[in-house]
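Please read them with the model open.

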Amino acid sequence: MLKTRDQYCRTAGAEVEGYNEPSVNSHVNGEYAKINWDVLGFGLIPTDYMYIMNCSKDQHFSQGTLTPFGKIEVNPSSGILNYGQGLFEGLKAHRTANGRILLFRPEENAMRMKVGAKRMCMQAPTVEQFVNAVKQTVHSNKRWVPPPGKGAMYIRPLLMGSGPVLGVAPASEYTFITYASPVGNYHKGVLNLIVEEKFRRAIPGGTGGVKAVTNYAIIYKPIAEAKAKGFTDVLFLNAEKYIEEVSTTNIFLVKTTSARYYEVEQITLTRWYELELMTMWYELEQITSTRWYELEQTTSTRCYELEEITSTRYLLIVKERAIPVGELFDAEEVFCTGTAVGVNSVNSITYQDTRIAYKRGAGTVGQKLYEMLTGIQTGRIEDKMGWTVELD
């Protein structure tokens, strides 16, 4: 039985006024949903429609359909409920100043889901089916895409083993769902991290290299403990005491070698590459075989020249390597990257009761990269790489 969107809003506490049951074309006159766009956080505000596709094991996904956002029926013995056989993605749609709606590299999300599905023994939609589902979801919920500068629409594609299974084995049927919600910033206020030494985010040979649903519940406890102490989030280490990542983002350390030269170091990824890297400022060539807007490879030693918005040129010497936790004390600047957080500078990191403060704000590498990334995503800066996809 489907639950109407206004019932969900009452349950979720969303600020929605004057709700009328929408039609798929309810956005054609340029109307916005009646919510307070100035107070968006990163929480679910149910929109009008979701997109659903199904398939049987060893078959292809059928043509999907739009349906009002609501509950779905799931077999109690389904693979997702019993064994956590599921994957998800996350991407955003932005509204530009002239009213266009842009997606950012949705085909990369689709390809990562295919990689994850192979690891989890699941059927996956094709890249074309994935992108079409995202487009239809955004188009049917267009009135929920925030006005320019007020946030973005977060799209959540979800692939799950929906067929019944009792023994430990892949499900017999799979369901692909795409839904969306308007969102604001993932973190409110400055980002203060604490290094977690007891719990691990991922292990070699595990499923950390894909966006399996089972990867995330395990971090609830350390995050809750960190927030109880007044911290924003957790920085995880691997078993050898090297930096792993923040709970849902990648992390970068910046060292200034001269007034116009920056050395940017990233942890060595032990989990393939996270899609957070697809919303980053440079797309390391050694990770994804692509390069980012206005970045020219200047040498064969991973040096990149960045032409900043003001045409000032900075040389970023980018290194990907294992970083011992002790090097947190040497960094001048630290920032996180992710689909949800964008590029977010870190205010401080606490390690074994020692607090390390970092540069942030105007003039920092993180701020420059944030401005470039959001400029491309929102159409303020020309997309010379062809990474944005405009909604028809």
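1. Pro 170 touches Gln 85, Cys 121 and Val 165, leaving aside residues up to four places away in sequence. Contact here means heavy atoms within 4.5 Å. The C-alpha atoms of Pro 170 and Ile 80 are separated by 9.7 Å, at 90 residues apart along the chain.

2. This is a predicted model: local features need pLDDT of at least 70, side-chain atom pairs count only at pLDDT 80 or more, and totals for chains, interfaces and linings use all residues. Residues are numbered from 1 along each chain as its sequence is written, and side-chain values use heavy atoms, with hydrogens and water left out.

3. Pro 170 sits in the loop between β6 (152–161) and β7 (173–183). Strands are DSSP runs (E, at least two residues), as are helices (H or I, at least four), numbered from the N terminus.

4. The largest pocket holds about 970 Å³ of space. Of its 50 lining residues, the closest to the centre are Lys 92, Asn 185, Val 341, Tyr 370 and Thr 374. A pocket is an open set of points on a 1 Å grid over the protein atoms alone, where a 1.4 Å probe fits, with protein on both sides within 12 Å along at least five of seven lines; lining residues have an atom within 4 Å of a point. Volume is the space filled by probe spheres set on the points, which are joined across faces, edges and corners.

5. Helix α7 gives the largest share of that lining, six residues.

6. The second largest pocket has a volume of about 740 Å³. Its lining has 32 residues; nearest its centre lie Phe 42, Phe 88, Tyr 154, Arg 156 and Tyr 186.
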